[in-house]
Amino acid sequence: MAAPPGCCHPCATCLLCLYSCQWITAKKEKRKGLRTTKCDCCWFLFLFCVFLSTLVWLYFVIIILNDFHNFNEFIFKQRKLWLDWSLVLLIAATMLITYSALLLVLALCLQLCRQPLKLHWLHKTLLILIALLVAAAFTGLGIKWAEEWRSAYISLQATGPFLHIGIVGGMTLLAWPLASFIYGTRNTALKVFLLLVYCSVMILLYLAPLGITSPCIMEENQLPPKPALVGHRGAPMLAPENTLMSLHKAVDCDVQVFETDVMVSADGVPFLMHDEELTRTTNVQSVFPERAALNSTAFNWTDLQQLDAGSWFLERRPFPTVQSLSAGDRYQATKQKIPSLEQVLEAAKQSNISIMFDLRPENHSDYQSFVNATLEVILQSGIPLQQVLWLPDGYREQVKQQVPGFQQVYGRKRLQNEKELLLHVNLPYQDMSLEEIRQYRQDNISVNLYVVNQPWLFSVLWCSGVSSVTTNACQVLKKIKHPIWLFPSSTYLMIWIVVDCTSFLAILWAFLLLKKCSHRRPVESETDVLLTKINSLMQE
């Protein structure tokens, strides 16, 4: 158990105390009886697995940040409580990975110093709790938010090449404590087993790029045009959603289409509103407390005009960007009212921006009258019909006969042997594969995917060839002039070869160097050997 050259006793003592949660003197004779048992090795393996699981969970949290606003809205509808849960989840995941990573580093340093891995029961308990917590999180994700598994798969198209480099680097560093353990143990079977496992993993990692695919591995001249931006309820990071202010902010972000949601009041006036209730985006609980839980369509237009549709934006801060708004924008936000479709069409006509909308609620008994009222307002507005992208499926054939000038947008993929050719589709970004996007592009079908907020996702879809994306972050995506990364296949091949060769040489150097150092270790004296045997017998 003697420490190797370069590992001082005070350092070894500190490492051992942090890992074991008890003070063990640095004097050599007081540590002779401590050895790493099979149980200790099992706990180290469990620690390593917990670290990997928390690392994967942190990766998932970062990926699903793109869609977390939907989760916040869902929680508000259920509990009437608004909180940025993404920040809570990110902090919790960071704490878990930090704790498990520190323990793992301590264990690896102890192994390099040839000290026993005596994990304290408190650490063991916390590791079990972390494992259960992460397992519950993944289970909940699979049950309540299964589409995020597809988001994770898409993210690998953006991060795959870099994850490969990082994993190869991490496994290369692991060669040092592995070599130290192999040269320090006399169990031949264990040595062979660990070497076989490690070599197998490294071979798989070296060949992993054969299975890595990404649309961003292409020549520069093959890059499709940048996708057009569709403002999701306008520019909801810069202004209250579904308001005239939000529309104007979207126009400033060079958005080509204003995507919104339309409802019809009790007296037949189409207006902008996403939720079935008014509680999230207005002060209806203050103005009409006894009617706050009613459907938005139960209010007449006069009542709706009494509501404040902007102050909630400053109070709840649905996005972090709210904090950076200017004083003028804050004042303007407090003056926002629920806009009518007529007002929005007039603003869209003046700004030369198209409008795409859902007509809600689809299951309403008077839905046909909603369609008729909406068509009447659009035709009376004088907006060019080609600027209207009609998304509702209800009574679509009737709409096509009455107003053939609308651009019909379908919320589904095309069907086999479908007689009518779809020209525009609007789908969640998880629902279309790379192959489907490219096939639709070849067939001159415009593909709009929603909701895309993160630059990495926008870059992947750009390389894939989508026509447009619906986004909350138009001010961010507007500034992106090029995909985050774009590698020709020859460049990626060169990176692959260099990384693998460097890793192989570093591993070879680690094993040779530690083998040389192990031969120089001082031989234990007969007294030390005798003391070791006595302590072992006393422990048994």
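A residue counts as buried when its relative accessible area is under 20%. Asp 303, with a relative accessible area of 12%, is therefore buried. The model described here is predicted. The protein is divided into domain 1 (10–145), domain 2 (153–214 + 487–518) and domain 3 (228–478). A search of the whole structure finds 18 salt bridges.

**Domain 1 against domain 2**

- The C-alpha centres of domain 1 and domain 2 are 23 Å apart.
- Six residues from domain 1 and twelve residues from domain 2 take part in the contact.
- About 820 Å² is buried between domain 1 and domain 2, and carbon and sulfur atoms give 68% of that area.
- Of the area that domain 1 buries against domain 2, 55% is supplied by Tyr 59, Gln 111 and Arg 114, more than by any other three residues.
- Between domain 1 and domain 2 there are zero salt bridges, while three residue pairs are in polar contact, both residues being at pLDDT 80 or more.
- On the side of domain 1 that touches domain 2, the elements giving two or more residues are helix H2 (38–64) and helix H4 (85–112).
- Helix H4 gives the largest share of that side, three residues.
- By residue class, the side of domain 1 that touches domain 2 divides into four nonpolar, one polar and one charged.

- Helix H7 (residues 175–184) has seven of its ten residues buried, so it is largely enclosed by the rest of the structure.
- The buried residues in H7 are Ala 175, Pro 177, Leu 178, Ala 179, Ser 180, Phe 181 and Ile 182.
- His 164 is in helix H6 (residues 147–173), and at a relative accessible area of 7% His 164 is buried.
- Not counting residues up to four places away in sequence, His 164 touches Leu 205, Ala 208, Pro 209, Ile 212, Trp 496 and Asp 500.

**Salt bridges**

- Side chains of opposite charge can pair when their charged atoms come close.
- Asp 261 and Arg 360 meet through their side chains in a salt bridge, at 3.1 Å from N to O.
- Asp 261 lies in strand E2 (residues 257–264) and Arg 360 in the loop between strand E4 (354–359) and helix H15 (367–381), so this pair ties together parts that are 99 residues apart in sequence.
- Asp 261 is buried at 2% relative accessibility, whereas Arg 360 is partly exposed at 21%.
- Asp 275 and Arg 280 form a salt bridge in which the closest N and O atoms are 2.7 Å apart, and both Asp 275 and Arg 280 are buried.
- A salt bridge of 3.2 Å, N to O, joins the side chains of Asp 303 and Arg 291.
- Asp 303 is in helix H11 (residues 301–304) and Arg 291 in the loop between helix H10 (284–287) and H11, twelve residues apart.
- Arg 291 is partly exposed, its relative accessible area being 23%.
- A network of salt bridges links Glu 73, Arg 233, Glu 241, Asp 261, Asp 275, Arg 280, Asp 358 and Arg 360.

**Asp 431**

- Asp 431 is in the loop between strand E7 (424–428) and helix H17 (434–442), and at 30% relative accessibility Asp 431 counts as partly exposed.
- Asp 431 and Glu 147 are 284 residues apart in sequence, yet their C-alpha atoms are 8.7 Å apart in space.
- Leaving aside neighbours within four places in sequence, Asp 431 is in contact with Arg 150, Lys 413 and Glu 436.

Definitions and conventions. Residues numbered from 1 in each chain as written. Predicted model: local features only at pLDDT ≥ 70, side-chain atom pairs only at ≥ 80, totals over all residues. Heavy atoms only, no water. Domains from an automatic or database assignment. Contact = heavy atoms within 4.5 Å. Buried area = accessible area lost by both parts, 1.4 Å probe. Salt bridge = Lys/Arg side-chain N within 4 Å of Asp/Glu carboxyl O. Polar contact = N/O pair within 3.5 Å; in protein donor to acceptor, adjacent residues only side chain to side chain. Helix = DSSP H or I, 4+ residues; strand = E, 2+ residues; numbered from the N terminus. Nonpolar A, V, L, I, M, F, W, Y, C, P; charged D, E, K, R; others polar. Buried < 20%, exposed > 50% of the residue type's maximum accessible area, 1.4 Å probe, protein only.
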